[in-house]
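Hi there,

Here is the structure I promised to pass on to you. Have a look at it first, and then read on for what turned up.

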Amino acid sequence: MWPVSTDQARSLWVYDEIKKMIINGELRPGDDLRERDLAEMLGVSRVPVREALPMLERAGLAQLSPRRTARVTEITESDITGHFEVRTALEPLAARLAAQRVSNGGDPAALQAALVSAHDAMTRRDDQAFHDSNSLLHLEIERLAVNPLLDEVMTLLRERKARLNAIDPGGHAKDRHQEHVILVDAITDGNIRLAEASALTHVELGHSRVTRAWHERDDRLRIAAPRSTPA
């Protein structure tokens, strides 16, 4: 049940819950957002769901039609490219700053712990724990960078990043982890150039993986789509 009392707060809570389901892949691109189903799932009336849908549309997560139906916004290849263009600029910067801070006495212990947690999760084949540990690892890099403006911008990217990762949720775990090992080692050693280069390589490989998974998903949807019968 919703843990709030006012109508406005209730709608905001519903918005946050649906947003989480979209970001973590429970609701996938193209899925219908039916008021009745969502209301039952969240234990609320249809009114706060109806009020949350325009907020989701403004956030770019849902598309509403004149018939008052809604569905999760599709992810286009252009969306993927734009996202990774920004990450290509920012993540190497964060890694460079983190390595620089460590070389000046910063403590990478929490970063190393996140890497160990990711390895343990990968060994257990726990995809959610692996994802959570990797997210924490990137947060620790940003923390070590000690740049509030960079952290603010990266926060804006984080939700989009999680949604794109849901396209290829469990794939290439060993590759991703090995890239993180190289990156964390470089930061821990205070090797600024290697940290920056490793982060750039990691983002570029991630771009290739997500784009490939997006094309494979698109191909599957085309094959599964019913063909029209000639009159």
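**Helices H1 and H2**

In this predicted model, Trp13, Val14, Glu17, Ile18 and Met21 of H1 make contact with Leu38, Met41 and Leu42 of H2. By residue type, this contact between H1 and H2 consists of 7 nonpolar residues and 1 charged residue, with no polar ones. As for the geometry, the axes of H1 (residues 7-23) and H2 (residues 35-42) approach within 11 Å, crossing at roughly 100°. The two helices are therefore roughly perpendicular.

The UniProt record, an unreviewed entry, lists residues 8-75 as "domain: HTH gntR-type". In the model, 54% of that stretch is helix and 9% is strand.

**Salt bridges**

You will find 13 salt bridges in the structure.

- Asp32 and Arg34 are joined through their side chains, with an N to O distance of 3.1 Å. Asp32 counts as partly exposed because its relative accessibility is 36%, and Arg34, at 48%, is partly exposed too. Asp32 and Arg34 also belong to a network of salt bridges that includes Arg71.
- Arg124 and Asp126 form another bridge, at 3.7 Å from N to O. Arg124 has a relative accessible area of 52%, so it is exposed, whereas Asp126, at 31%, is partly exposed.
- Arg158 and Glu142 pair up at 2.4 Å, N to O. This bridge links distant parts of the chain, since Arg158 sits in helix H7 (residues 148-165) and Glu142 in helix H6 (residues 127-145), 16 residues apart. Glu142 is buried, with a relative accessible area of 9%, while Arg158 is partly exposed at 29%.

**A buried arginine**

Which residues does Arg209 contact, leaving aside its neighbours within four places in sequence? Arg209 itself is part of helix H9 (residues 192-224). Its relative accessibility is 7%, and because the cut-off for buried is under 20%, Arg209 counts as buried. The contacts of Arg209 beyond those sequence neighbours are Asp168, His172, Asp175, Arg176, Glu179 and His202.

Best wishes

Key: Residues numbered from 1 in each chain as written. Predicted model: local features only at pLDDT ≥ 70, side-chain atom pairs only at ≥ 80, totals over all residues. Heavy atoms only, no water. Axes fitted to C-alpha atoms, helices over the stretch in contact; angles between N-to-C directions. Helix = DSSP H or I, 4+ residues; strand = E, 2+ residues; numbered from the N terminus. Parallel < 35°, antiparallel > 145°, perpendicular 65-115°, else oblique. Contact = heavy atoms within 4.5 Å. Nonpolar A, V, L, I, M, F, W, Y, C, P; charged D, E, K, R; others polar. UniProt positions renumbered as here; feature names shortened; annotations may be inferred. Buried < 20%, exposed > 50% of the residue type's maximum accessible area, 1.4 Å probe, protein only. Salt bridge = Lys/Arg side-chain N within 4 Å of Asp/Glu carboxyl O.
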